[in-house]
Amino acid sequence: MAFDFSDRGGKPFIENIEEMTLANENYRTTIWTGVKLQVALMTIVPGDDIGLEIHVGVDQFLHIVSGQGLCQMGQSEDALTIEQPVSKNDAIFVPANVWHNVTNTGTESLKLYTIYAEPDHLDGTVHQTHDDARNDPNEH
């Protein structure tokens, strides 16, 4: 099945999010950016991670669609007091202002979608690789 991976924020949008997530091959693809919410699909290759980060004032939800990984969270980047393996169908809830990372610990790509409650990336953002995201001047 072919999907339209363009950011269609501000417009009604109905899609099978799991199939769309599995079809995504980019590190990050934003598919819907509204005023108060953003949805991005992610593919994390084996051994890579999302990158230790914090979203100031932005809550985040992540749903693992396939693969396995390790989720870490904490109040500071050097005190990640929560550490738990994650796999298919796990949901991760990250409150605003909490440091977090998800690392792919498996041998296949970790596929997930994430919802930011206030958008965190420019609408239409596509990062084919993690390096693209690291080098994007619009990312924090």
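**Exercise 1. Pairing of β4 and β7**

How many bridges join strand β4 to β7, and do the two run parallel or antiparallel?

Solution. Start with the ground rules. This is a predicted model, in which local features need pLDDT of at least 70, side-chain atom pairs count only at pLDDT 80 or more, and totals for chains, interfaces and linings use all residues. Residues are numbered from 1 along each chain as its sequence is written, and side-chain values use heavy atoms, with hydrogens and water left out.

Step 1. Strands (E, at least two residues) and helices (H or I, at least four) are DSSP runs, numbered from the N terminus. Two strands pair if DSSP finds at least two bridges between them.

Step 2. Locate β4. Its residues are 68-74.

Step 3. Read the pairing. Six bridges join β4 to β7, and the strands run antiparallel. Within this pairing, Met73 stands opposite His100 of β7.

Step 4. Check the cover on β7. Strand β7 spans residues 99-104, and five of its six residues are buried. Buried means under 20% relative accessible area, exposed means over 50%, and partly exposed is in between (1.4 Å probe, protein chains only).

**Exercise 2. The six-stranded sheet**

Give the strand order of the open sheet of six strands, then walk across the sheet.

Solution. 

Step 1. Write the order. It is β6-β3-β8-β2-β1-β9, with antiparallel pairing. Strands of a sheet pair through backbone hydrogen bonds, either parallel or antiparallel.

Step 2. Name the edges. They are β6 (91-94) and β9 (126-127), and each pairs on one side only.

Step 3. Take the β6 end. Strand β3 (residues 59-66) is joined to β6 by four bridges, antiparallel. Gln60 has Val94 in β6 as its bridge partner.

Step 4. Take the β9 end. Two bridges pair β1 with β9 in the antiparallel sense. Here Arg28 has His127 of β9 as its bridge partner.

Step 5. Move on to β2. This strand (residues 38-44) pairs with β1 over five bridges, again antiparallel. Thr29 stands opposite Leu41 in β2. The two strands form a hairpin, with four residues between them.

Step 6. Check the cover on β1. The strand covers residues 28-33, and five of its six residues are buried.

**Exercise 3. The whole chain**

Summarise the make-up, size and surface of the chain.

Solution. 

Step 1. Count the elements. The chain has two helices and nine strands. From the N terminus on, they run α-β-β-β-β-β-β-β-β-β-α.

Step 2. Judge the packing. The radius of gyration is 14 Å, close to the 14 Å that the globule rule gives for 140 residues, so the chain is as compact as a globular protein of that length. The radius is taken over C-alpha atoms, and the rule is 2.2 Å times the number of residues to the power 0.38.

Step 3. Of the 140 residues, 44% count as buried. Among contacts between residues at least 6 apart in sequence, 66% join residues at least 24 apart.

Step 4. The C-alpha trace spans about 40 × 35 × 25 Å along its principal axes.

Notes:
Contact = heavy atoms within 4.5 Å.
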